[in-house]
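Hi,

Here is the structure we talked about, with some notes on what turned up in it. Please have a look at it first, then read on.

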Amino acid sequence: MTLNGTDARVGLLNATTGTPIWVQTMTNSTFPVSPQTRTTQHNCRAIQMSGDDRYVGLGCSEGGFYLLSTATGQVVWHRDLVGQVRNVKFSSDDRYVYVGTDPYLFKYDVTAQTMLWKADIGGWPLSDGMVLSQD
């Protein structure tokens with residue numbers, strides 16, 4: 001995956017050959033930027049693929065979280081969150097995605113596209129880490 005600046009792109013590569021399966025240019029129409037931010041650029045550093053390889057969770061500095069289809073690269077759904085998204089983890093059964101910002105942790109139901117809870121974790125999950133138990 002490659003992301004950065006005004007020409008931001010995200011892509012999925014074939015791990016055997018290194019050739020792109022798909023590449024998406026991150027425009028404001030395909031990857032909406034929150035009206036709360038002062039930027040129109042995407043700067044995404046939190047990337048995680050679901051265990052079943054169906055989704056990519058993509059978190060950006062401007063507070064955007066995007067759930068992408070690995071089949072097409074299209075945005076399945078997105079949320080505008082508080083703070084910079086710095087960590088993304090899927091539950092072991094891929095039913096839930098946890099999104100860490102500064103200082104919050106959000107839990108979303110992947111299929112229902114709903115937030116189940118938001119907790120103030122008092123830290124930044126990029127530097128302070130984020131680990132999920134097996135259950």
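A disulfide here is a pair of cysteine sulfur atoms within 2.5 Å. By that test, a search of the whole structure turns up one. C44 and C60 form the link, with their sulfur atoms 2.0 Å apart. The link of C44 and C60 is right-handed, with 80 degrees about the S-S bond.

C44 is buried at 7%, and C60 is buried at 0%.

Before going further, a word on the source. This is a predicted model, in which local features need pLDDT of at least 70 and side-chain atom pairs count only at pLDDT 80 or more, while totals for chains, interfaces and linings use all residues. Residues are numbered from 1 along each chain as its sequence is written, and side-chain values use heavy atoms, with hydrogens and water left out.

The pLDDT (the predictor's confidence in each residue, from 0 to 100) has a mean of 84 for the protein, and 80% of the residues reach 70 or more. Over residues 1-5 the pLDDT is below 50, though this stretch has 17 contacts in the model beyond near neighbours in sequence; a contact means heavy atoms within 4.5 Å. Where pLDDT is low, the predicted coordinates should not be read in detail.

Now the overall fold. Helices (H or I, at least four residues) and strands (E, at least two) are DSSP runs, numbered from the N terminus. Of the 135 residues, 41% count as buried.

Four strands form an open sheet in the order 7-8-9-10, with antiparallel pairing; two strands pair if DSSP finds at least two bridges between them. Strand 7 (87-90) and strand 10 (114-120) are the edge strands, each pairing on one side only. Strand 9 (residues 104-109) and strand 10 pair in the antiparallel sense over six bridges. Within that pairing, D109 has T114 in strand 10 as its bridge partner.

Best wishes

Note on methods:
Buried means under 20% relative accessible area, exposed over 50%, partly exposed in between (1.4 Å probe, protein chains only).
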